[in-house]
Amino acid sequence: MTSLVIDARHNGPPGSGNGGWTSGLVAGAVGVRSGLVEITLRKPPPLDVALAVTATGDGWAVLDQDTLIASAAARADDIPAVPPVSRTEALAASGRYAGHTDHPFPTCFVCGPQRADGLRIFPGRLPDGRTAATFAVPADVSPTVVWAALDCPGGWAVIDRDQAFVLGRYAVAVDGLPEADDECVVVGQPVRREGRKALVRSSLYAPDGSLLARAEATWIAVPG
């Protein structure tokens, strides 16, 4: 058994952990050395609380005392990449970011416009329905940062002013870490929608256009 703590800086909705950051911490804690791991968030992840990560018969459980916060399991399927766009296209898309004026969680660590100390990834829509944004890589880049950076660009492919979503299930394939202080491009893509569930993908590209990471996520619509 091991433990992890989501510090208060890495929030998503107020008072709970950002889904991408939390999932990246869980992935690191379970220590899968080959293949992919998929994280399912069961409850809003609490902040500044020691969470126990323990092996189960079919994977791992993340517990706040007796409350199941998340589970993790090996994933067999690979994750297709979302096709890239140029830096110019990504900058233009960021200028159309709906969250600048209408954001369900404006203090989100990844995409919140009110977070000067966050990742400040602002994914705007492209004409084909994908999202794109530039991403200024922080000095403390890590696999967990990559998991976080790929989170919201996928979500904003389905979020709109009439419907908020939260991350439900998430898997990331990290092919390589970006360099600190690089300006990368991240793209998101809707795949399908079934009731309250939306399947999306996102990908991270280095300044030279090489693929760094790929993600697939299920987002859950929040009842109004």
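Which residue takes a positive phi just after α1? I looked it up in the model, which is predicted: G31 does, at about 70°.

**Helix α1.** I then went back along the helix itself, residues 19-30. At the other end I found N18 as the N-terminal cap, with a side-chain oxygen 3.0 Å from the backbone nitrogen of G20.

**Sheet.** I traced 11 strands in an open, antiparallel sheet, ordered β1-β3-β4-β5-β2-β8-β11-β10-β9-β7-β6. β1 (2-5) and β6 (124-125) are the edges; each has a single partner strand, so one side of each lacks a neighbour in the sheet. I saw α1 pack on this sheet, touching β1, β2, β3, β4, β5 and β8, with its direction at about 130° to that of β2. Helix α2 (residues 87-94) lies across β6, β7 and β9, and I noted its angle to β7 as about 105°. For β10 (residues 197-205) and β11 I found 9 bridges, antiparallel; L199 has T218 of β11 as its bridge partner.

**Cores.** Which residues touch the most other members of the largest nonpolar core? I have L119, F135, L150 and L204, in a core of 53 residues. Strand β11 (residues 211-221) gives the most to this core, 6 residues. I listed the contacts of L150 beyond four places in sequence, including Y170, V172, V186, L204 and A213. I also noted a second, separate core of 9 residues, which includes A90, L126, A132 and V187.

How values were computed
Residues numbered from 1 in each chain as written. Predicted model: local features only at pLDDT ≥ 70, side-chain atom pairs only at ≥ 80, totals over all residues. Heavy atoms only, no water. Core = buried A, V, L, I, M, F, W, Y, C linked by side-chain atoms within 4.5 Å. Buried < 20%, exposed > 50% of the residue type's maximum accessible area, 1.4 Å probe, protein only. Helix = DSSP H or I, 4+ residues; strand = E, 2+ residues; numbered from the N terminus. Contact = heavy atoms within 4.5 Å. Expected span 1.5 Å × (residues − 1). Polar contact = N/O pair within 3.5 Å; in protein donor to acceptor, adjacent residues only side chain to side chain. Pairing = 2+ DSSP bridges. Axes fitted to C-alpha atoms, helices over the stretch in contact; angles between N-to-C directions.
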